Amino acid sequence: MNRLLTLKQWIMNLKATIFGLLVFFTCGQIALAQSMEIEKEITELSKQKWQWMADKNADSLAVLFHDKAKFVHMGGTWGKDREVDIIRSGFIHYKKADVHEVMVEVLNETTVILWNQITLLAVVGDNEVTTPFMVTEVYVKQDDEWKLADLTFSKLMTRD
């Protein structure tokens with residue numbers, strides 16, 4: 001009788017372990033799928049942002065930019081309002097960003113970092129310039145919408 005109880009307990013423990021493993025792997029697959037979906041969504045949003053910048057679509061960018069966003073350029077650092085004004089006025093015209101590489105890190109459901117290696121054709125003041133950059137973009141989810149919280153341009157050194 002004691003041996004039969006032990007066998008029943010062992011079978012029940014085995015069933016519980018198998019069920020636990022199934023739940024664990026299912027949850028892992030769901031989390032991976034969600035992460036991949038977020039990665040795709042942010043990659044597309046970043047691509048759309050470059051187009052809005054090229055089109056000088058300051059209104060769409062103003063909606064995308066977080067109210068406390070920071071923008072780091074070779075000429076300084078400033079907030080959302082100044083960046084939108086600079087784009088709207090054409091002082092900086094991001095004419096074309098040739099994106100060579102995109103890397104995305106989903107930190108959690110509400111925070112994502114994206115890196116773009118780009119060659120940027122821009123007009124700054126009266127000067128047209130082409131510059132290689134690594135651009136860091138930080139996105140945060142606010143009220144079920146992704147907002148760009150940081151955009152940092154790091155100039156890449158090249159050999160000529």
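On a 1 Å grid over the protein atoms alone, a pocket is an open set of points where a 1.4 Å probe fits, with protein on both sides within 12 Å along at least five of seven lines, and its lining residues have an atom within 4 Å of a point. A volume is the space filled by probe spheres set on the points, which are joined across faces, edges and corners.

The model is predicted, so local features need pLDDT of at least 70 and side-chain atom pairs count only at pLDDT 80 or more, while totals for chains, interfaces and linings use all residues. Residues are numbered from 1 along each chain as its sequence is written, and side-chain values use heavy atoms, with hydrogens and water left out.

The second largest pocket holds about 190 Å³ of space. Of the 14 residues that line the second largest pocket, K47, W50, Q51, A97 and V99 are the closest to its centre. Its largest share of lining, seven residues, comes from α1, where helices (H or I, at least four residues) and strands (E, at least two) are DSSP runs numbered from the N terminus.

The largest pocket has a volume of about 310 Å³, and of its 15 lining residues the closest to the centre are H73, M74, I92, V124 and F133. Here β5 gives the largest share of the lining, four residues. By class, this lining has 11 nonpolar, four polar and no charged residues, with Ala, Val, Leu, Ile, Met, Phe, Trp, Tyr, Cys and Pro counted as nonpolar, Asp, Glu, Lys and Arg as charged, and the others, Gly among them, as polar.

Salt bridges come next. The structure holds six of them, each a side-chain nitrogen of Lys or Arg within 4 Å of a carboxyl oxygen of Asp or Glu. One of them joins the side chains of K49 and E137 (3.2 Å, N to O); because K49 lies in helix α1 and E137 in strand β5, the pair ties together parts that are 88 residues apart in sequence. Both K49 and E137 are buried, where buried means under 20% relative accessible area, exposed over 50%, and partly exposed in between (1.4 Å probe, protein chains only). Another salt bridge links D59 and R88 (2.5 Å, N to O), and D59 counts as exposed at 55% relative accessibility, whereas R88 is partly exposed, with a relative accessible area of 45%.

Finally, helix α3 (residues 80-89) has K80, E83, V84, I86 and I87 as its buried residues.
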